[in-house]
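Work through the exercises below with the sequence and the model side by side. Try each task before reading its solution.

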Amino acid sequence: MVTPLTPLEWARSQLGVREATGHNDGTPAERYLDGEAGLPWCAAFVLWCFRKGCCEIPGNRWKLRAVRELYRALRDAGAFVTDPAPGDIVFFNARLGSDAGTTGWHVGIVETAMKDAIGTIEGNAGDAVRRCNHSRANPRIVGYARWPRSQ
């Protein structure tokens with residue numbers, strides 16, 4: 001019997017997926033945004049990984065593609081944790097490398113968690129799915145969520 005991939009494993013499988021022209025288009029728009037080019041896609045990437053990993057996050061998937069809506073849904077579900085682990089969702093109160101120069105939040109999936117740092121896989125990080133590293137003291141990190149809550 002084949003064990004299904006986890007959301008984190010799905011995220012790893014997408015490393016290197018890039019936009020066609022750097023305008024939220026190409027494969028990311030087709031795959032994660034159901035063809036709606038031009039929209040920021042970091043949250044849509046996270047939702048796609050969890051849906052593919054059989055851990056769909058409940059709620060209106062169109063609204064949840066907005067990072068703050070995803071944050072609110074997981075907060076209201078009691079999914080936030082203080083100590084991140086691989087597979088958790090990390091929220092930032094700035095876009096960082098996602099649509100740089102614009103305002104808004106950003107989200108990714110924790111791949112590694114150390115005492116002072118986390119490694120993440122983020123969609124729409126410099127127009128691609130990439131690995132990133134962040135200090136756990138980074139003031140732009142606004143929280144970590146674990147879904148499903150029992151994992």
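## Exercise 1: strand pairing

Strand β1 (residues 80-81) pairs with β6 in the antiparallel sense, over two bridges. Strands pair here if DSSP finds at least two bridges between them. Strands (E, at least two residues) and helices (H or I, at least four) are DSSP runs, numbered from the N terminus. The model is predicted: local features need pLDDT of at least 70, side-chain atom pairs count only at pLDDT 80 or more, and totals for chains, interfaces and linings use all residues. Residues are numbered from 1 along each chain as its sequence is written, and side-chain values use heavy atoms, leaving out hydrogens and water.

**Task.** In which sense do β2 and β6 pair, and over how many bridges? Why is β6 largely enclosed?

**Solution.** 
1. Take strand β2 (residues 89-92). It pairs with β6 in the antiparallel sense over four bridges.
2. Find the bridge partners. V81 has Y144 of β6 as its partner. V90 also has Y144 as its bridge partner in β6.
3. Check burial, meaning under 20% relative accessible area (1.4 Å probe, protein chains only). Four of the five residues of β6 (residues 141-145) are buried, so the rest of the structure largely encloses this strand.

## Exercise 2: the nonpolar cores

**Task.** Which residues have the most contacts inside the largest nonpolar core?

**Solution.** 
1. A nonpolar core is a set of buried Ala, Val, Leu, Ile, Met, Phe, Trp, Tyr and Cys residues joined through side-chain atoms within 4.5 Å.
2. The largest core has 32 residues, and F45, I57, L70, L74, I89, F91 and V107 have the most contacts inside it.
3. Assign elements. Two or more residues come from each of α1, α3 (42-52), α5 (67-76), β2 and β3 (106-113). Helix α3 gives the most, with nine residues.

## Exercise 3: cysteines

**Task.** How many disulfides does a search of the whole structure find?

**Solution.** 
1. Apply the cut-off: a disulfide is a pair of cysteine sulfur atoms within 2.5 Å.
2. The search of the whole structure finds zero.
3. C42 is buried, at 1% relative accessibility.
4. C55 is buried, with a relative accessible area of 16%.

Note on methods: Buried means under 20% relative accessible area, exposed over 50%, partly exposed in between (1.4 Å probe, protein chains only).
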